[in-house]
Amino acid sequence: MNKIKEAFAKGKAFIPFIAAGDPDEETTVRLVVEMAKNGADLIELGIPFSDPTAEGVVIQEANIRALKGGITVKKVFGIVEEIRKETQVPLVFLTYLNPVLSYGKDAFFARCQALGIDGLIVPDLPFEEKGELLEESKKYDVSIISMIAPTSDDRIQMIAKEAEGFIYVVSSMGVTGVRSEITTDVGAMVDAIRAVTDVPTAVGFGINTPQQAQKMAALSDGAIVGSAIVKIVGAEGKDSVAAVGNYVKEMKEAVLQA
Amino acid sequence: MAEGRFGIFGGQYIPETLMNEIHRLNKAYDFYKNDPQFQAELAELNKNYTGRPSLLYYAEKMTKDLGGAKIYLKREDLNHTGSHKINNVLGQALLAKKMGKTRLIAETGAGQHGVATATAAALFGMECEIFMGKEDTERQALNVYRMELLGAKVHAVESGTQTLKDAVNETFREWSRRVDDTHYVLGTVMGPHPFPTMVRDFQSIISREARAQILEAEGKLPAAVFACVGGGSNAMGMFYHFIPDEGVRLIGCEAGGKGVDTDLHAATLTKGTVGVFHGMKSIFCQNEEGQIAPVYSISAGLDYPGIGPEHAYLHSTGRAEYVPITDEEAVAAFEYLARTEGIICAIESAHAVAQVRKMAGSFSKDQSIIVCISGRGDKDVAAIARYRGVQLYE
């Protein structure tokens, strides 16, 4: 049973991201458990890739740290196994297509299903290429999460109509990273999506403060935060768990007020 | 499935933020490639700015020395800016202008493509920013200054391995920040559709000319054509109009670095596997985890872990052959061409010359072969001197 729906059932959702294996496998497990405990509704776990072209510097560096520490796809599945001993929080992976292809599509999706990974976000897999993973996604009931960007315009309907799980609304041009201001008309994007589907929407890219999260969640069904959390992990390493937990708690409270 | 496939290779694997822009580009290119006005403007630039057609030079001394096929050099090194890169850049800059763009961005490895893009930007009165791996800005310092002289801003890319692949990453990131007024002048036959097709079309002028020139000189087609391959743009240009001529062997020469049995090479087709990266499905140097491998070559222009999808296809069907050439063989060929024919070619092109040295003798004297001299070697002189232990700095 795909649990993504659950994540959006308790009001506006807060969705944090961390890179698996940054700073190490054990800390990743503790971070996920702590975030779940502090109100994270759905957690994005990044499978590191050497060349993450959609990421800003903060997440690029997290990927490099994790890869230097020897993280592999197999080890990420090991991390999820450990996580599942402690929490059933809905989880999705964020990764690039190449590591999935290298692991083997069928084996990858089979492992996802077995461990309760309910979705996959693949920034370099646009609508036109999603056939690449469609068969396995259906076979193992792991949703491919669609992304909609400020430049999507006339593509919004086409993408939203076939969307599953939730829709990742990209709030800003460019790559991931903290921004002081989000200038895109996110409300208009979400309205265009809602005209064709009731799949929930969550807004990401650039969100940092509780005020921004509240504002974005008010316009949609949830807020996604990556770089701001990864920054804490980058600065404090193994000792970041409590700080990340506090941050998630504060952000969850903010989105609930949206 | 998206457009732009060569067998299983190609496609459009890029973030959603760029999809509408890439469709706009595709549509514009589809229109202008058939527009007589556009083609006339490009032909005018090729003739009066670049200095085309480039010569097909009969290398008589080299032919005599190697004792086999008659060797012809396709002299792309004589183009304005010193390499084949200008063929593609003028086409894309003209297209960008027609699309209403005012700013050009590009990646560069050796700096040849960056120089060509900065040149076109100066000519067309456009803004220009070039992304270059930090390591490459150091080994090609002269080209950095050259780009700045032409009015471009050069960004030293410090992420990843600080070479060509990271420069490509950073240029894609910059494009996704700012698409409205900006065109990404991709420098080779890679990336998402339509780049591999479009760049190949602009570079195919090399084989269009060479085919006519060799028929005029020899009265028959060559036995083989040779070109160096990094991303593969001069090679696609050199191969393209010979692809239907089944008797003509197409031979691409990859960067073998310190040897393909070491970790220090960029021999994608010799050692790589199928993957998806930089917007395309193709062959890449990668580890078993699908992480893109650091690659190495003495030549910054061939120091790339992938190859254009049409090459991957020509390789898979066997229509083209690809061989690795080591640093040592390339440097020896660089020196050989200088002493034998008085031509200092780019270290990239020297990889193709090296293969000709190996194979020329295996053809008969009534056959001919063509090697693409994709660029001139002024930029490499200091690096070759250092390779030979002469402490010469630019």
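Is helix 5 of chain B largely enclosed by the rest of the structure or largely exposed, and why? Eleven of its 13 residues are buried, so helix 5 of chain B is largely enclosed by the rest of the structure; buried means under 20% relative accessible area, exposed over 50% and partly exposed in between, with a 1.4 Å probe and protein chains only. This is a predicted model, in which local features need pLDDT of at least 70 and side-chain atom pairs count only at pLDDT 80 or more, while totals for chains, interfaces and linings use all residues. Residues are numbered from 1 along each chain as its sequence is written, chains are lettered from A and ligands numbered from 1 in the order in which they are written, and side-chain values use heavy atoms, with hydrogens and water left out.

**Helix 5 of chain B**

- Helices (H or I, at least four residues) and strands (E, at least two) are DSSP runs numbered from the N terminus.
- The 13 residues of helix 5 (residues 112-124) of chain B should span 18 Å at 1.5 Å a residue, and its end C-alpha atoms are 18 Å apart, which agrees; the expected span is 1.5 Å times one less than the number of residues.
- Among the buried residues of helix 5 of chain B are B:Q112, B:H113, B:G114 and B:F124.
- The cover over these buried residues includes helix 2 (36-50), helix 4 (85-98), strand 5 (103-108), strand 6 (127-133) and helix 7 (141-149) of chain B.
- Just after helix 5 of chain B, B:G125 takes a positive phi of about 65°.

**Domains of chain B**

- Chain B is divided into domain 1 (5-45 + 85-199) and domain 2 (51-82 + 203-387), with bounds from an automatic or database domain assignment.
- The centres of domain 1 and domain 2 of chain B, taken over C-alpha atoms, are separated by 22 Å.
- In chain B, 39 residues of domain 1 are in contact with 41 residues of domain 2, where contact means heavy atoms within 4.5 Å.

**The largest pocket**

- On a 1 Å grid over the protein atoms alone, a cavity is a set of points where a 1.4 Å probe fits but cannot get out, and a pocket is an open set with protein on both sides within 12 Å along at least five of seven lines; lining residues have an atom within 4 Å of a point.
- The largest pocket holds about 370 Å³ of space, a volume being the space filled by probe spheres set on grid points that are joined across faces, edges and corners.
- Of its 16 lining residues, the closest to the centre are A:S50, A:L67, B:Q291, B:I292 and B:P294.
- Both domain 1 and domain 2 of chain B give residues to the lining of the largest pocket, so the pocket lies between them.
- Helix 3 (residues 57-68) of chain A gives the largest share of this lining, three residues.

**Cavities**

- Seven cavities of 30 Å³ or more are found in a search of the whole structure.
- The largest cavity holds about 350 Å³ of space, and of its 29 lining residues the closest to the centre are B:H84, B:K85, B:S233, B:G301 and B:L302.
- Strand 5, helix 5, helix 8 (164-177) and helix 11 (233-239) of chain B each supply at least two residues of the lining of the largest cavity.
- The second largest cavity holds about 210 Å³ of space, and of its 25 lining residues the closest to the centre are A:T53, A:A54, A:P123, B:I14 and B:P15.
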